[in-house]
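Visitor: I'm new to this one and would like to learn how to read it. Could you walk me through it, one feature at a time?

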Amino acid sequence: MGRLILGAVLVGAAAGCAVGPGYRRPELGVPAQWRRTDPAADSLRPFYDSLMANRDTLPLNPNGPEASADSSARDGVFLTDTTANLVWFDLLRDPELRKLVETALRENRDVRVASATIDEFRAQYGVAKGDFFPQVTLNAQGGRIKSPIANPGALGTFSYNQLQATANLSWELDFWGRIRRSTEAARNDLLAQRENQRAVLLTLVGDVANSYLLLRQLDLALEISQRTLAANRETFRLARRRFDQGLISELDVRQFESEVASPAVSVALLEGQITQTENQLSLLVGSNPRSIPRGRPLTEVLGDLTVPSVIPSALLERRPDVRQAEASLHAATARIGAAKGDLFPKFMVTGDYGTFSSNADDLFKQKNEIYQILGGVSMPIFTGGKVGKRVAVARARAEQSRYSYEQTVLTALREVEDALAGVRASRNQVAAQQTQVDALRRALRLAELRYQSGASSYLDLLDAQRSLFGAELSLAQVEGQQATAAVTLYRALGGGWPVAPADSAAPR
């Protein structure tokens, strides 16, 4: 019997194959390169480049030196092609924003939930691995037993003490690879959760960055509104003085007075939006609502945008959601084999070893030794179709996981294409909007000079003030959109935050 069991163990250990399909990555037909820019957009690229390179070229006095203007022209975020390592540290240049991100990674509750989930699946993986090994339990019992005994012509009883201690062995030989498939599935479940944690971190960093950029955009818009409000109030004060001198009518004064209200409304609205954005950032960093410290101006928050020169298929190796979907597909495929393993015979080794005695003094003596070791096999003959249906369920779930994986890949490619288009579009918008603001600033200066000299009416001045205010607010908005587009592209490309080596280690 011992040789038979040893032979079964060796055969089970030597069996290299496991039932069920082995995992292979599906063929996805990923394109070899990103979508080409529309020809019409390419034809306008020199025009937008010229706007970026030749701003503010019309002097107030063509015959004299160019007047200095309070221009808000700044270097924008440019799309470049490089092989630099794609991490958030390369993009986030504002020290306050970095502090917010680092605080969020420590304190955000979603991150903590993701970490706790990894602990759960790591333990589940350990449970699955445990089935590889013999299961040994220790049992002990003791007491007094009274039992009837039949004597000729009478019925008697006898009593005795019983003490017993045994160790029980149960070991399923993984002859068909059912346990290996279950362990393979659990391992990939753990890998999927680790990728889910990275996806949570990636989303969190992007959300913190975008919220901070929105906050700096609102700060800039508030600054513009307050500056415009102060300028309009000064214009209104001068108009009142000219009215007192009899130089203009009351209608002019009332028109200037009405212009004071527009930026005042914007100031009140923006102050409320700033408070709400600070509250949103506080939630992301895991703190109570509070004031958020500011760092660099909006256009200096981010560094130059760098995009690795990779083909789309390489993107799949970076994005945690794609890797999570593939790990889930791998796990679902392995579960087909685990389910099919129930269709085959199970080989078991069972045994007991211990001691039995009626008193404690003799309990561990050799004469009271008891043991048994058995090899067994069990095979399902009729289960009402349950085992076969479990295999069908596993196949259906693997098919679902495959389609989910393919959809995740398509979504990833679309998000990157959208982000690339957003970066290009926002860059061109900033160039055009900045040119408009520069022109309107000079137009306002001319309108003020002409109004003061009596060469034009107050309507020209009011129209110039109104146009510049709207254009400056639009410029702040598109600058914010440009910075947000850069963050969106980094997130779409799978840009990551540096992690400890232990976090990236694969389970064994």
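Guide: Happy to! Let's begin with helix length: the expected span of a helix is 1.5 Å times one less than its number of residues. Helices themselves (H or I, at least four residues) and strands (E, at least two) are DSSP runs, numbered from the N terminus. Take helix 4, residues 109–130: its 22 residues should span 32 Å at 1.5 Å a residue, and its end C-alpha atoms are 32 Å apart, so the two agree.

Visitor: Before we go on, what kind of model is this?

Guide: It's a predicted model, where local features need pLDDT of at least 70 and side-chain atom pairs count only at pLDDT 80 or more, while totals for chains, interfaces and linings use all residues. Residues are numbered from 1 along each chain as its sequence is written, and side-chain values use heavy atoms, with hydrogens and water left out.

Visitor: How many helices and strands does the secondary structure come to?

Guide: There are 11 helices and six strands.

Visitor: Back to helix 4, then. Which of its residues are buried?

Guide: The idea first: buried means under 20% relative accessible area, exposed means over 50%, and partly exposed is in between (1.4 Å probe, protein chains only). In helix 4, the buried residues are Val111, Ala114, Ile118, Tyr125 and Ala128. They sit on the same side of the helix, because they cover an arc of only 85° around the axis; that arc is taken from the directions from the helix axis to the C-beta atoms. Val113 and Val127, on the other side of helix 4, are exposed.

Visitor: Why can residues spaced along a helix point the same way?

Guide: An α-helix has 3.6 residues a turn, so residues three or four places apart point the same way.

Visitor: What do the buried residues of helix 4 pack against?

Guide: Helix 3 (95–107) and helix 5 (178–244). Contact here means heavy atoms within 4.5 Å. At the start of helix 4, a side-chain oxygen of Asn108 comes within 2.9 Å of the backbone nitrogen of Asp110.

Visitor: How do I read aromatic pairs?

Guide: Rings of Phe, Tyr and Trp (its six-membered ring) pair if their centres lie within 6.5 Å; planes under 30 degrees apart count as stacked, over 60 as edge-to-face and the rest as tilted. By this rule there are three aromatic pairs. In one of them, Phe175 and Phe347 have ring centres 5.4 Å apart and planes at 55°, so the pair is tilted. That pair links distant parts of the chain, 172 residues apart: Phe175 is in the loop between strand 3 (154–173) and helix 5, and Phe347 is in strand 5 (residues 346–357). Phe175 is partly exposed at 23% relative accessibility, and Phe347 is partly exposed at 26%. Ring pairs link Phe175, Trp176, Phe344 and Phe347 into a cluster.

Visitor: Is Asn188 buried or exposed?

Guide: Buried, with a relative accessible area of 4%. Asn188 lies in helix 5, and beyond its neighbours within four places in sequence it is in contact with Ala327, His330 and Ala331.

Visitor: And what about the whole protein?

Guide: Buried residues make up 38% of its 508 residues. Among contacts between residues at least 6 apart in sequence, 84% join residues at least 24 apart.

Visitor: Where should I be careful?

Guide: Look at pLDDT, the predictor's confidence in each residue, from 0 to 100. The mean pLDDT of the protein is 80, and 81% of its residues reach 70 or more. Over residues 56–85 pLDDT stays under 50, and the model has 58 contacts beyond four places in sequence for them. Where pLDDT is low, the predicted coordinates should not be read in detail.

Key
Polar contact = N/O pair within 3.5 Å; in protein donor to acceptor, adjacent residues only side chain to side chain.
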